[in-house]
Amino acid sequence: LGCPHKCVFCDQSTISGERRKHYTPDMLAEDVLPRIERLKRKGKTAEIAFFGGTFTGLPTDYMTALLDKAQILIAQSGGVLTGVRCSTRPDFITADIVRLFRDYGGTAIELGAQSMDTDVLRLSRRGHTAEDVFTAAHIIKESGLELGLQMMTGLPSDTREKCISTAQDFIRGGTDTVRIYPTVVMRGTVLADMEYTGFTFAETVSICADLLGLFAENGVRVIRVGLNASPDVRDNMVGGNYADALGEIVLSEYYYRRIVAAFDVLGGTVFDIKIPRTSASVLRGQRGSNMARFKGNGISVRITEDNTVTNFAEITRLNITE
């Protein structure tokens with residue numbers, strides 16, 4: 001809803017899992033209220049997020065009705081719900097619309113930028129420019145709202161270098177968060193008609209690991225890699241790169257690179273790695289793939305799960321006799 005464009009990759013009704021034509025404030029309450037209780041039992045907090053469309057492109061009275069209901073739900077949540085975020089296009093951002101969103105309780109806006117390369121944007125039929133992204137990002141940051149930028153890898157004419165350049169532009173634009181979505185070719189899209197392939201899966205994992213490193217070095221939080229796991233996506237994809245655990249696969253590659261870099265600095269071939277329990281399986285890799293890579297390179301690794309470790313991992317070189 002709210003978007004007048006049809007990008008070459010777009011099949012948003014399948015990706016969002018939302019085929020209803022008009023989402024009402026009452027439907028919002030029906031969706032959110034049961035989740036409040038589940039979050040409360042788990043001791044967690046969350047935000048209400050309006051995704052899957054161009055939120056700031058909706059008619060103003062419809063948008064504000066949804067935001068009004070969101071504020072009522074937040075007030076009723078006892079602190080479980082902490083704010084409202086939305087996704088939109090960079091060319092549907094003005095100072096007035098951002099002020100309205102903020103005044104109705106909005107806390108974060110994410111822009112679907114997809115790329116900052118002129119050719120990629122043109123061939124993807126995005127209908128906006130990189131300058132539009134910079135302008136919208138500046139307006140959002142000036143308003144005091146959290147800024148999120150979303151990028152896609154593997155669009156027409158994309159390269160590793162263009163992905164890195166886009167990430168660097170995101171950083172220069174002052175983004176607080178990033179989502180990385182490798183291109184998935186959905187049935188019924190222009191890309192499907194083109195029989196488009198794009199990056200291989202291995203290239204996608206490698207490039208996304210590059211991006212994780214770049215964003216981490218610059219203090220930008222990556223909050224998503226890959227589309228949410230969905231039977232609709234699995235059933236309707238005809239190409240591109242999708243996996244239920246893509247984010248974990250990419251993170252595992254990123255961990256592997258960081259650990260190998262530390263080995264190179266320390267020297268030697270036998271190491272103890274202390275890492276929080278929640279990260280240990282990612283470091284080991286799917287089906288122990290990273291451990292096999294270490295072994296294949298003549299490196300012996302012992303992993304100790306230690307939740308007191310706060311800086312990713314502590315790595316100690318061991319004497320060969322140990």
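Biologist: Is Asp-176 buried, partly exposed or exposed?
Modeller: In this predicted model, Asp-176 is partly exposed, with a relative accessible area of 28%.

Biologist: Which residue does Asp-176 form a salt bridge with?
Modeller: Asp-176 forms a salt bridge with Lys-141, and the closest N and O atoms of the pair are 3.2 Å apart. Because Asp-176 lies in the loop between helix H7 (160-172) and strand S5 (177-182), while Lys-141 lies in helix H6 (residues 130-143), the pair ties together parts that are 35 residues apart in sequence.

Biologist: And how exposed is Lys-141?
Modeller: Lys-141 counts as partly exposed, at 34% relative accessibility.

Biologist: How many salt bridges does a search of the whole structure find?
Modeller: The search finds 20 salt bridges. One of them is a salt bridge in which the side chains of Arg-89 and Asp-91 meet, at 3.0 Å from N to O; here Arg-89 counts as buried, at 3% relative accessibility, whereas Asp-91 counts as partly exposed, at 29%.

Biologist: Switching to strands, why is S3 largely enclosed by the rest of the structure?
Modeller: Strand S3 (residues 106-114) is largely enclosed because eight of its nine residues are buried.

Biologist: What joins strand S2 to S3, and do they run parallel or antiparallel?
Modeller: Five bridges join strand S2 (residues 81-88) to S3, and the two run parallel. Within this pairing, Cys-86 has Ile-109 in S3 as its bridge partner.

Biologist: Last topic, which residues gather in a patch of positive charge on the surface?
Modeller: That patch brings together Arg-35, Arg-38, Arg-41, Lys-42 and Lys-44. Among them, Arg-38 is found in helix H2 (residues 25-42) and is partly exposed, with a relative accessible area of 38%.

Key:
Residues are numbered from 1 along each chain as its sequence is written. This is a predicted model: local features need pLDDT of at least 70, side-chain atom pairs count only at pLDDT 80 or more; totals for chains, interfaces and linings use all residues. Side-chain values use heavy atoms; hydrogens and water are left out. Patches are made of residues with over 30% relative accessible area and no salt bridge: like charges are joined within 9 Å, nonpolar side chains (Val, Leu, Ile, Met, Phe, Trp, Tyr) within 5 Å. Accessible areas come from the Shrake-Rupley method with a 1.4 Å probe; for residues, only the protein chains shown count as cover. A salt bridge is a side-chain nitrogen of Lys or Arg within 4 Å of a carboxyl oxygen of Asp or Glu. Lys and Arg count as positive and Asp and Glu as negative; His and the chain ends are not counted. The place of a charge is taken as NZ of Lys, CZ of Arg, CG of Asp or CD of Glu. Helices (H or I, at least four residues) and strands (E, at least two) are DSSP runs, numbered from the N terminus. Buried means under 20% relative accessible area, exposed over 50%, partly exposed in between (1.4 Å probe, protein chains only). Two strands pair if DSSP finds at least two bridges between them.
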